[in-house]
Amino acid sequence: MSINAEHLSCVGNVYNGIEILSFTGRKSVGKKSIKMRVMCDAKCHCDKIFNTDFQNLRGGGIKSCGCQRKGNHKHGNTRNKIYNSWRGMKERCLNPNNMHYENYGGRGIRICDEWLNASNFIAWALKNGYKEGLTVDRINNDGNYEPSNCRWTTHGEQAKNRRETKNKTSGVCGIYRDARDKSVRYRPYIFANGKNIWLGGYATLDEAIAVRESAEKKYWNKE
Ligand SMILES: [Zn+2]
């Protein structure tokens, strides 16, 4: 038995004040009779994120991340801060009622499938330079939230990055407008494999958009 739809439908449920965030897989427990337990990341009422046994949590056997016993939250704080960053990213890209949606989801900025799961995002952050006070930044401001296009920077660095890219766009994601030469005015590019890949020059925006879209399929596996 693996993680199934019934488990997934429990994401967001709250048991004893502990919210299920995502399922992380199965783990064997016990010495005599080994049982495969379904494991999940959950958010404790103290705000700490921890990995726990789903059935035990649902059954009421788990009342906290351990904070009620130990009173120690230090370790959970980092994961919790990254989680809040993840939640902000999701709000900006996926919630049309969010005040920042227009500049993110509303103009086609997406979150890669891997990062729709908070645990994957937290794991990436911990391995890729997350420090307290830093925020997740897209290297190419027209690109998506995905490992190849993101890094942890200060707000100041982000603003600089945005100013530099702002004047070079055609108004369409991933298409540079070249003011010098009419015959190659629109130059589509795509961020993949850690760099911008240039896709030629076209006289019309429509041609450039078509080329950019086929590149998205090729490099980002978009349908
Ligand atoms: Zn706790």
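Is N193 buried or exposed? N193 counts as exposed, with 9 C-beta neighbours inside 10 Å. The cut-offs: buried means 20 or more other C-beta atoms within 10 Å, exposed means 12 or fewer, and partly exposed lies in between, with C-beta atoms placed from the backbone.

This is a predicted model, where local features need pLDDT of at least 70, side-chain atom pairs count only at pLDDT 80 or more, and totals for chains, interfaces and linings use all residues. Residues are numbered from 1 along each chain as its sequence is written.

**View A. The loop at N193.** N193 sits in the loop between strand 8 (186-192) and strand 9 (195-198). Strands (E, at least two residues) and helices (H or I, at least four) are DSSP runs, numbered from the N terminus. Phi of N193 is positive, near 55°, and the residue is not glycine. Most residues other than glycine have a negative phi.

**View B. The loop at N16.** N16 lies in the loop between strand 1 and strand 2. Its phi is positive, about 55°, although N16 is not a glycine. N16 is partly exposed, with 14 other C-beta atoms within 10 Å.

View C. Four strands form an open sheet in the order 1-2-3-4, with antiparallel pairing. Strand 1 (14-15) and strand 4 (49-53) are the edge strands, each pairing on one side only. Pairing requires at least two DSSP bridges between two strands. Strand 1 and strand 2 (residues 18-29) pair over two bridges. V14 has E19 of strand 2 as its bridge partner.
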